[in-house]
Amino acid sequence: MHRDLGGVSMKVYAYAAGVDLRGRAMHEITRKEQDQLLKIMRRHKKRLMQYPNVRSVDVGFKFKRKRPSDRLAIRVHVERKLPKSRLDKTDLLPDEIDGIPLDVIQSNPELLADFRNSRQDPVVGGINVGNVKLTGPGTLGSIVFERGTLRPLALTAWHVIVTEPAVSMDPVIQPDPKPPDTPLPNAFLGRLLRWDEPLDAAVCSIGQQDGTQARKISTSLVGLPQPAAGSKAPVAGLKVIKSGLRTAVTRGIIDGTDGVEFSVVEDSDAPPSDGVLGGPGDSGSLWLDRQTHSAVGVLFKGEANPEFRIWAHSVPRICDKLNIFVLDTAAIGTAWIGGHCRVLASTRPLAPCALKVVYPSGRTSHASGLGPAQADAQGIVEWRWRIGTSTQRRPGVKLSAQVTLDGVQHLLTAELEGATDLTH
């Protein structure tokens with residue numbers, strides 16, 4: 001028997017203090033002991049995740065000189081570990097929490113290249129995509145959504161999925177094999193919908209063909225801790241990150257922009273692991289703001305001389321041209337009087353959610369399709385309901401949609417469109 005101290009057993013506390021009770025490093029602890037440490041970790045996880053650069057928090061063995069020690073700790077995984085001298089005091093993580101040591105670990109887990117080049121369902125950003133008529137695949141930047149309808153689309157570079165001359169409804173495949181390999185029989189992803197050659201950007205639908213089921217979608221990007229969250233214009237000096245088919249996850253800094261086109265150079269504080277910022281096959285990748293994960297640009301070309309630069313076009317400008325948007329937590333579609341409306345949101349996988357709709361009259365809607373819902377395995381949740389034709393529902397007035405995602409509330413508004421039924 002051992003006495004509990006503040007919810008942590010003396011045995012576990014001894015482990016955390018660096019005492020190897022079993023006489024060897026990397027000893028196995030019991031499930032009960034681990035659960036006690038996890039309880040402490042979860043109490044502080046939300047606060048720890050708010051520190052810059054943090055991608056996850058767990059419990060395990062503390063590392064010393066890149067090797068695991070026999071000390072248990074709460075571990076904070078960061079994308080890049082910086083010396084304390086280069087951090088503001090407010091950005092410094094504590095040395096311990098509730099008497100348990102805290103260890104900061106640099107970790108950027110990457111799925112293998114075969115994952116990026118294989119068929120994916122759900123479809124995610126950072127994977128192989130192409131047009132069977134073209135030579136060589138590019139990168140599916142991210143799942144985006146059509147304004148108004150909220151239907152999911154796949155965003156990439158124009159030259160990755162558009163032939164010359166462009167053919168609307170051309171089939172887009174994922175994966176797109178390298179010649180002379182032939183496409184998989186179930187590689188169909190969707191059909192080319194819209195494109196803009198000057199911005200080198202295009203979107204395709206995600207559909208079905210020959211009776212096959214349409215693929216599921218995820219707003220995640222391979223190798224990144226969170227999906228793109230909305231969009232923002234490029235600004236010189238902004239630190240960015242991307243997930244691409246050829247060079248995986250790399251980080252850079254915007255060194256110049258004309259407001260639409262911009263270039264990215266290597267960040268000396270976060271150099272690419274293999275020395276390459278980008279390469280052939282990365283076209284279509286999204287550059288994201290490293291701090292907020294807002295989508296900034298779609299990568300379309302690079303140059304090696306006289307300096308190595310990667311070039312991209314502004315995502316906000318592309319969104320306006322292609323009538324799309326990058327989801328930022330929650331969005332509401334067109335609210336048609338006498339028609340249907342949708343709300344779409346991204347949250348924790350399988351999280352409990354709810355939607356409450358209030359009309360300008362102050363009446364809460366009880367339409368079928370509203371109320372409680374659960375996010376799917378990718379964290380996507382949506383509602384669809386019919387808007388009645390009451391004479392109080394007039395074009396131009398706003399309804400409010402109160403979205404609750406995993407206990408957190410968000411307010412959306414939309415102007416009613418269409419015509420009021422005056423026959424009643």
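Predicted model: local features only at pLDDT ≥ 70, side-chain atom pairs only at ≥ 80, totals over all residues.
Which residue is the bridge partner of F145 in β11? In β11, F145 is bridged to P152. Residues are numbered from 1 along each chain as its sequence is written, and side-chain values use heavy atoms, with hydrogens and water left out.

**Around β10**

Strands (E, at least two residues) and helices (H or I, at least four residues) are DSSP runs, numbered from the N terminus. Two strands pair if DSSP finds at least two bridges between them. The strand β10 (142-146) has two partners to look at here, and the table sets them out.

Five residues lie between the strands in the hairpin of β10 and β11, where G148 takes a positive phi near 90°. Five of the five residues of β10 are buried (under 20% relative accessible area; exposed is over 50%, partly exposed in between; 1.4 Å probe, protein chains only), so β10 is largely enclosed by the rest of the structure.

**Two nonpolar cores**

A nonpolar core is a set of buried Ala, Val, Leu, Ile, Met, Phe, Trp, Tyr and Cys residues joined through side-chain atoms within 4.5 Å. The largest has 27 residues, and L140, I143, F145, I161 and L189 have the most contacts inside it. At least two residues of this core come from each of β7, β8, β10, α4, β13 and β14, with the largest share, three residues, from α4. Another core, of 24 residues, lies apart from it and includes C341, W385, A401 and L405.

L189 makes contacts (heavy atoms within 4.5 Å) with residues including V123, V129, L140 and C204, leaving aside residues up to four places away in sequence.

**A buried aspartate**

D170 sits in the loop between α4 (158-161) and β12 (171-173). Its relative accessibility is 4%, so D170 counts as buried. Beyond four places away in sequence, D170 touches N131, K133, T163, G190, R191 and L192.

**An open sheet**

Further along, five strands form an open sheet with mixed pairing, in the order β24-β30-β29-β26-β27. At its edges are β24 (335-336) and β27 (371-374), each pairing on one side only. β24 runs parallel to β30 (residues 408-417), joined by two bridges, and W336 has E417 as its bridge partner in β30.
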